[in-house]
Amino acid sequence: MPSLLRRPPQWPDIPAPVAERRQCEIAQLGRLRIDPYAWMKYVPASGTRELETLPEPLRRHLRAEMNYAAQMLRPLEPRARCFYERMMSRAPEVPVLPADAVEGWQYESAVSKMHGHRIFSRRRPGGESQHLLDEGVRAKGHAYYRATGHQASPDDRYFAWAEDIRGDDRHQIHVFDTETGRTHTVAVADAFGYGGFTFSPSSRHVFWIWRDAFSRPTRLYRTSVDGGEAELVFEENDPSLFMQVSRSAANGYVVLTLMGPDISEVHLFAADAETSPARIVRPRERGIRYEVNEWNGALLMLTNLGGAPDRQLLSLDPGDFGIREVLVPPRTGVPIVSVHPFERALLRVERERGIPRLVLRTPEGRETTIQFDEPAYSVELAPQQPYRAREVRLVHQSPATPRRWLDVNLDTGARTILGQEALPGFSSDDYVVERLHATAEDGETIPITVLSRRDAAGTAQPLLLTGYGAYGISYEPVFSLPATVLVDAGFRYAIAHVRGGSEKGWHWYQSGCREKKRNSMSDFVACARYLVDRGYARKNEVVSYGVSAGGLLVAGALNLSPTTWAGVIAQVPFVDMLNTMSDADHPLVPLLRPDWGDPLSDPRAYDHMAALSPYENVHPADYPPVLSTAGLKDDRVPYWEPAKWLANIRHHSTSCQPAILHLNPQSGHQESDDMNAEFTQAALFWAFACHCVGAIPESFSVERGERAPT
């Protein structure tokens, strides 16, 4: 079992920047609030944010924050370097998998250990291979690089991806022609990369979504794969609707989906008329959500229609969109997560008691269930699979098991393991995954996934507790290489599946929304206390970690119980809830009002946000050390949210613990998409967590020539 050297955490004696408090009064719905740090918010009239173009007082303050963070975190660099080196030494080797059962190209990607970016290629069953994209080459010369949406055209001639080189989530879309070797830029700027483009069934066009000045996806364009003028085919003026575009499974349609948390509308462009106007499957109606695909000569609708909160699956007539059959009826507590049609069988992913399973349904109606005998795991379909495949490829993983690929026969359900990521010096047998259940304040049962070293059984260890709990997004218990390195250093790693996600169905999501949002935060506190009471962690040695809306979770839990935490890591945290949701120009505010409420028109929503928002509810207390990150170009959670929050903590905290803002002037909501950036950030977080609990992994200290205190 790894041993830890114990040392009382000592931080450099460096004064933190003191942000000016200005008397900014905000009158809203007959209520008055004071926002002393409102001046930190800066939205440029045009273009993206740059440090050099900020107003002088703000630029001076943020530079002071960056300098303070550098000085406070400098003593952690040797420990962070040890974590980083261990992560790099464990970087996985992706196996070469057998070719698909269907003839044609098999698309693959692997992370290069030379530059940390992905390299995409393809090969035929006979062995012929072709290089498609080296992201490391594309990233050269750019301070920021992230690509997404990689996909092949239906005829396999073209390969496309969306590329962000500014950090502001505004993408270019590029198309590589495998016959000529040329790369065309289909969308020069302001495209939406996340589910925002697809090839047409004929492979002659790319349908892509454009973002407006508020960074909202609002227009659908169609452009020839060879470039040229973009043709506007649809425009949405309702800012509360999100847009995504895809191609149906059998290449029968281009599918434009407009959606919000409680509304949907699907437009279909038929393959034999892809330049003609689309048809609407079912007009938008508040409270009705649905998705559309195709299978077995019919359309599929996955929907909550008919009082099915966990959704049911319907077969529709492709002519008049009338309901033909209920393929899968609604079942309370068994949500249907997704549906994946293949010619031989329909595959659906559903969840029962928070655990995923897959169900194969043949055209004749025979069903086969596929699940794994593990307490917690994740399973998903590998991308780029042909509709006429005889077998479907799955990716299975757990917190202790790196990704492994399995082929499932669509006729029999038989499984064949094809290969698994190999990590040097790593063995899954060294770890234990448990699914535990804490009891919430109101008696609800909260699932917790815990990763420990097997040789640490029965001993209390420092704990890193993470969670999300928002938008109905389940926190999947996937394999995390950085998490295993932290566990090897003497920690436990746990995921609190709090309300606000959908691990236990629609009711679990709704129980962490709007006026019930406090449930997410109190659930998180309850999970921490449960793990301490059960001997999994020591009191005063629990560090919390949350990203984005998970940052709201950990910041809210910090206000509820400041002394529960030895430290808090908040990555681009959504913490200025009341002010952000009162900003009608924010890219996501109109869309997300069903999740949070509308404090501009609803006094009840205003009051519950005012009572919950982490920024407004910082109070005199012994706050622990806090490390928060921010991206200057972030439009989703702008830099001023964590900057204001930390300034308020410093103003109110009765402890002498630091509140550190780690600002990246080149990034947005996410760091660059490469292994080096991922491991560098994780290594800093783990070094901070170790320092907060006063623990140094003994193996690290030996390497650095340190001795335990006597």
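Buried means under 20% relative accessible area. The model discussed here is predicted.

Q: Which residues of helix 9 are buried?
A: Helix 9 spans residues 589-596. Six of its eight residues are buried, so helix 9 is largely enclosed by the rest of the structure. The buried ones are Val-589, Pro-590, Leu-591, Leu-592, Asp-595 and Trp-596.

Q: Which helices and strands do the buried residues of helix 9 pack against?
A: Two strands are on the list: strand 15 (242-247) and strand 16 (253-260). The helices are helix 5 (506-510), helix 7 (549-560), helix 8 (577-581) and helix 10 (603-610).

Q: How many disulfides does a search of the whole structure find?
A: A disulfide needs two cysteine sulfur atoms within 2.5 Å. For Cys-692, the nearest cysteine sulfur is that of Cys-690, 9.3 Å away, and Cys-692 is in no disulfide. Across the whole structure, the count is zero.

Q: Is Cys-692 buried or exposed?
A: The cut-off for buried is under 20%. Cys-692 has 8% relative accessibility, so Cys-692 counts as buried.

Q: Which residues are the closest to the centre of the second largest pocket?
A: This pocket has a volume of about 580 Å³. Its lining has eight nonpolar, five polar and 10 charged residues. Of the 23 lining residues, the closest to the centre are Val-43, Pro-44, Ala-213, Phe-214 and Asp-635.

Key:
Residues numbered from 1 in each chain as written. Predicted model: local features only at pLDDT ≥ 70, side-chain atom pairs only at ≥ 80, totals over all residues. Heavy atoms only, no water. 1 Å grid on protein atoms, 1.4 Å probe; cavity = no way out; pocket = protein on both sides within 12 Å on 5 of 7 lines; lining within 4 Å. Points joined across faces, edges and corners; volume = space filled by probe spheres on them. Nonpolar A, V, L, I, M, F, W, Y, C, P; charged D, E, K, R; others polar. Buried < 20%, exposed > 50% of the residue type's maximum accessible area, 1.4 Å probe, protein only. Helix = DSSP H or I, 4+ residues; strand = E, 2+ residues; numbered from the N terminus. Contact = heavy atoms within 4.5 Å.
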